[in-house]
Every structure is written in structure tokens, then in C-alpha cells.
Amino acid sequence: SYFRYQAHLASLRALEVYERICQKFARDFGRRYEALECYRSEDAEIVYLMIGSFATKAKEAVDRLRQAGEKVGLVRPRLLRPFPTADLLTALKGKRGVAVVDQNISMGKGGILYMEVASVLYGQADGPRVLASFIGGLGGRDITPEEFYEMAFSVKRAADTGAVLEPRLLYTAEELAQVRKQQVIARAMTGRSGADNG
């Protein structure tokens with residue numbers, strides 16, 4: 001247990017090491033990648049919070065929503081362990097709502113990033129009014145611009161009304177119809193095999 005605890009402490013100090021590496025990388029290549037990327041989020045009321053490649057699509061959604069007069073931004077952690085907790089608290093301070101977009105699911109619990117963010121914000125008086133969980137992109141599925149817009153508007157409505165948003169799996173009406181069709185087939189096959197055995 002002593003060595004496990006030492007590894008934990010070393011992981012916490014890794015943010016300092018990451019900062020030194022960022023500085024060296026910036027000197028060598030002229031680019032800097034912070035542990036937490038904030039895109040048009042300083043004055044945002046609603047922010048997307050996500051990791052991974054879909055953040056590029058989220059930036060486009062942010063730009064389009066900004067053109068429409070909506071105060072939306074993006075916060076993108078580049079590290080999960082160690083988690084950039086202090087930077088995240090600063091970035092989300094005073095926001096009305098956060099749409100956490102996970103491209104994963106912890107079976108029986110939900111989106112992994114959502115749980116990480118919820119643990120950071122727990123008990124923070126100046127945290128966002130709404131923290132919403134959206135799960136998409138599973139199995140290589142796309143997340144469309146329209147889905148990004150709907151996430152932002154759902155979180156904004158919840159912040160306006162005080163509603164609690166249940167976790168949502170992103171899918172289209174056509175995908176839902178296909179899933180329901182497959183469920184009917186599966187039930188029919190299960191019933192038939194049961195009858196055959198009976």
C-alpha cells in the first residue's frame with residue numbers, strides 16, 4: 001500500500017512535469033498545448049466539456065452558435081490522469097450550464113468524463129447550475145452539428161427552468177427505429193427458441 005500511495009502522489013505531481021514539457025515543446029516547436037484547452041469559453045454561459053477528436057466538431061458548433069448570438073464555449077481537458085482540477089474549476093466558475101459529452105460508457109454508471117467532472121464540482125458554490133451528461137460517438141458513430149446545437153439548447157433551457165436533465169444517449173429517430181426493430185426480432189427469436197425447447 002505504501003508504494004501504491006507513492007505512485008498516487010507522483011501522479012499528482014505530474015501536472016508540474018507536464019507544465020515543464022509544455023514550455024520546452026513551445027520553445028522547440030512554437031506551439032503550446034495546455035492541460036486544459038478553453039475555446040471561446042471565457043464569457044460563455046453554456047460550455048461543452050469533452051475530450052477526443054469530436055472536440056473539433058464542437059468548435060465548429062461553438063462558432064455557429066456564437067454567430068447566432070448564443071454565448072457558448074468549449075472546455076477540453078488534454079489529461080485525465082492527473083486531472084487538471086484547479087484549471088477546470090477556474091474554467092467552469094460561474095457558468096450557467098455544462099454539457100459533458102462522453103464517447104464512452106462505464107456500464108451501469110454512465111459517461112466516465114461526466115463522473116470525473118461531477119466529482120470535481122461537488123460542493124462548489126460557484127459551480128454551474130446544470131451539469132448534463134450526453135453520450136455519443138459510440139462504435140464510431142458520428143455526432144452531428146444538429147446534436148451539438150440541441151445539447152446546448154437543452155442545457156440552456158434546464159438552466160433557465162431549473163430542470164434536471166437525465167443522461168442522454170445521442171441517436172437519430174432512424175437509429176431508434178432500427179434499434180426497436182432489432183429488439184422485436186430478438187424477442188421473437190427468444191420466444192421461438194423457448195417454444196422449440198418446451
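The largest cavity is lined by Lys 57, Glu 60, Ala 61, Pro 145, Phe 148 and Tyr 149. The structure you are looking at is a predicted model. Its largest cavity has a volume of about 40 Å³, and the structure holds 1 cavity of 30 Å³ or more.

Sorted by class, the lining of the largest cavity has 4 nonpolar and 2 charged residues, with no polar ones.

## The two sides of helix H3

Now let's turn to helix H3, which covers residues 85–92 and has Leu 88, Ala 91 and Leu 92 as its buried residues. Looking down the axis of H3, you would find these buried residues within an arc of 85 degrees, so they line one face of the helix. On the face turned away from that buried side, H3 carries the exposed residues Ala 86 and Thr 90.

What do the buried residues of H3 pack against? Their partners are S1, S2, strand S3 (72–77), strand S4 (97–102) and helix H4 (112–121). After H3 comes Gly 94, which has a positive phi, near 75 degrees.

## A serine in a loop

Ser 41 sits in the loop between strand S1 (36–39) and strand S2 (46–50). Is Ser 41 buried or exposed? Its relative accessible area is 3%, so Ser 41 is buried, the cut-off being under 20%.

Setting aside neighbours within four places in sequence, Ser 41 is in contact with Val 47, Gly 73, Leu 74, Val 75 and Lys 95.

Key. Residues are numbered from 1 along each chain as its sequence is written. This is a predicted model: local features need pLDDT of at least 70, side-chain atom pairs count only at pLDDT 80 or more; totals for chains, interfaces and linings use all residues. Side-chain values use heavy atoms; hydrogens and water are left out. Helices (H or I, at least four residues) and strands (E, at least two) are DSSP runs, numbered from the N terminus. Buried means under 20% relative accessible area, exposed over 50%, partly exposed in between (1.4 Å probe, protein chains only). Contact means heavy atoms within 4.5 Å. On a 1 Å grid over the protein atoms alone, a cavity is a set of points where a 1.4 Å probe fits but cannot get out, and a pocket is an open set with protein on both sides within 12 Å along at least five of seven lines; lining residues have an atom within 4 Å of a point. Grid points are joined across faces, edges and corners, and a volume is the space filled by probe spheres set on the points. Ala, Val, Leu, Ile, Met, Phe, Trp, Tyr, Cys and Pro count as nonpolar, Asp, Glu, Lys and Arg as charged, and the others, Gly among them, as polar. The arc is that of the directions from the helix axis to the C-beta atoms.
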